[in-house]
Amino acid sequence: MKKRKIIQTSVFLTALAVLLGLLVFSVLASVAFGNADISIREVYSVFLYEIFHIKRFEEFASGPVHDVVWLIRFPRAMLGLSVGMGLSVCGAVMQAIVKNPLADPYILGISSGASLGATMAIVLGVGSVFGGHFVGVTAFIGAMTTSFAVVFIANMGGRANAAKLILAGMAISSVCSAMSNFVLYLAHNKGATEEVVQWTMGSLANTKWSEIQVVLPIMLAGTVIFWSQFRSLNMMLLGDETAITLGTDLHRVRTVYLILSSVMVGFAVYCAGTIGFVGLIVPHAVRMISGTDHKKLIPLSALVGAIFLIWADVACRVILENSEMPIGIFVSVIGAPCFIYLMVRRSYGFGGAR
Amino acid sequence: MGTQINDIEAKEIRVSYGIHEILKGVTLEAEQKKFIGIIGPNGSGKTTLLKCIYRTLDPAQGAVYIGGEPLTSMKPRESAKRLAVVAQHNYYNFEFSVQEVVLMGRSPHKKALERDNAQDYEIARRALQTVGMEAFSGRSFSTLSGGEQQRVILARALAQQTPCLVLDEPTNHLDVTHQLQLLKIVKNLGVTVVSAIHDLNIAASFCDILYVMKDGRIEGHGAPAEVLTTDFIRTIYNVETEITRDSRGKMHILFLS
């Protein structure tokens with residue numbers, strides 16, 4: 001048993017190291033893809049200059065090539081990393097909280113709350129005082145409001161439990177989508193409708209370093225915090241009653257987890273709109289290999305999610321000539337068949353059948 | 001004699017679901033590493049009483065004391081160090097390995113960020129060995145049979161290393177061999193045990209003290225030989241019995257129909 005433990009641990013650490021290496025490679029490699037015709041040599045010259053300030057590459061310190069690589073593509077890869085990581089971790093956490101393999105980060109109605117916020121911002125100009133990125137800000141506010149409302153409702157009339165959270169999430173969710181449809185219906189504004197649709201499909205484009213500076217630390221911190229909570233997350237799957245007999249009262253931690261993951265998802269929505277499916281499929285795929293233990297599941301999901309979204313974004317940039325495919329569409333188109341394949345290939349429970 | 005760490009005491013417990021009063025002032029004492037059995041017909045409140053003791057249910061009135069301290073003044077972590085539970089339903093909708101399930105029994109002894117160390121693995125291994133499930137350590141819990149799962153859950157409770165143990169009909173899914181094996185293990189642990197038991201013969205042969213429940217009340221308690229009389233069984237269960245002793249002096253209850 002002890003020997004097996006050592007082997008398991010070293011396999012896990014090796015997997016972490018390999019994925020980490022793959023992640024660094026993905027960020028660097030993804031920058032080389034795009035519509036603008038820039039050679040690989042030029043791309044990495046910009047990198048070398050920006051990171052090490054090597055004199056020899058000074059010609060890449062500014063100019064169009066520098067701007068495309070350093071101000072457009074690189075932050076975009078970092079956003080993909082942040083959002084992919086955050087959504088995957090939150091997906092794993094939500095699945096534990098509601099004890100349901102169908103849960104995703106948006107289960108608390110966050111996506112429809114965010115869409116309602118975005119719709120009101122685009123169509124009615126709500127929140128334009130927030131400046132340039134006011135659509136994202138309003139979406140963030142919508143996301144946070146709905147998730148707090150759901151947590152509050154689920155706690156009414158006794159302690160929140162998995163079923164109450166799901167049902168409250170569904171109810172709030174349908175209210176929000178009804179309201180955003182209503183706003184669109186009343187507005188009769190084709191341009192705005194188009195913009196809303198595009199927003200809900202999600203995109204990593206047009207991000208700035210100033211956004212990354214906020215989002216990346218939040219996602220990293222959230223991931224580390226959830227990783228440290230692996231015991232409670234494991235307990236959640238046993239249910240509240242068993243958890244009490246094992247010394248953990250899940251009620252309070254559950255509320256804290258819900259708030260923390262709402263913040264993470266809220267920021268993901270703020271930067272990239274609602275990208276679906278990542279948070280559902282990545283934890284499942286990882287669970288099939290690593291098992292259900294959150295000590296492994298959380299960090300592996302974070303890395304796999306980050307890598308997945310970076311490459312999904314690359315694919316979106318190169319599939320259509322002179323145009324970009326919305327990443328939400330691509331992820332669903334690719335994700336669903338993979339998901340079905342994984343599901344039918346193995347006798348599938350909630351976690352890795354061995 | 002002072003209060004011991006392995007004393008369990010439930011005083012005047014009352015529980016209602018809506019207008020139905022399930023427990024109508026139940027008092028139970030378990031001390032000195034005794035094996036306490038709770039018997040009684042279905043719906044008599046056995047499980048509800050046990051749930052109050054292992055604190056997944058708050059009694060409307062009355063209190064439970066472990067080692068003389070009221071349960072309500074203890075943190076869950078503290079009560080989980082004193083009392084381990086093998087509950088009735090242990091169906092899980094996911095896949096943990098047997099080893100992972102047993103290791104969770106160590107969590108009350110762990111700080112939030114502390115990892116399981118070699119000692120925890122050793123405790124888990126020995127717990128699995130005790131219940132005869134060591135070979136299953138790497139298997140997925142959900143692929144085990146009901147009886148095997150029950151033994152793994154017992155191993156998890158053993159890994160908690162508590163002075164008290166609560167069992168809710170622990171032998172439900174087990175075959176005769178494993179029923180006897182499990183109860184022997186429990187009896188030899190040297191801890192205070194409170195267990196709901198269905199089978200009167202098993203209750204008679206393993207328990208030191210029996211509490212008999214009916215309609216949310218304790219109808220009697222005492223040593224099995226005192227409690228399990230033909231008359232008393234008739235009042236509680238409404239069945240006719242004959243009580244005999246075998247060549248070794250062990251009590252047997254025969255049900256006449």
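Chain A contains 14 helices and zero strands, where helices are DSSP runs of H or I of at least four residues and strands are runs of E of at least two, numbered from the N terminus. The structure is a predicted model, in which local features need pLDDT of at least 70 and side-chain atom pairs count only at pLDDT 80 or more, whereas totals for chains, interfaces and linings use all residues. Residues are numbered from 1 along each chain as its sequence is written, chains are lettered from A and ligands numbered from 1 in the order in which they are written, and side-chain values use heavy atoms, with hydrogens and water left out.

The C-alpha trace of chain A spans about 65 × 65 × 35 Å along its principal axes. Of the 354 residues, 53% count as buried, meaning under 20% relative accessible area, with exposed over 50% and partly exposed in between (1.4 Å probe, protein chains only). Among contacts (heavy atoms within 4.5 Å) between residues at least 6 apart in sequence, 75% join residues at least 24 apart.

Leaving aside residues up to four places away in sequence, A:Phe267 touches A:Phe140, A:Val214, A:Val215, A:Ile218 and A:Met219.
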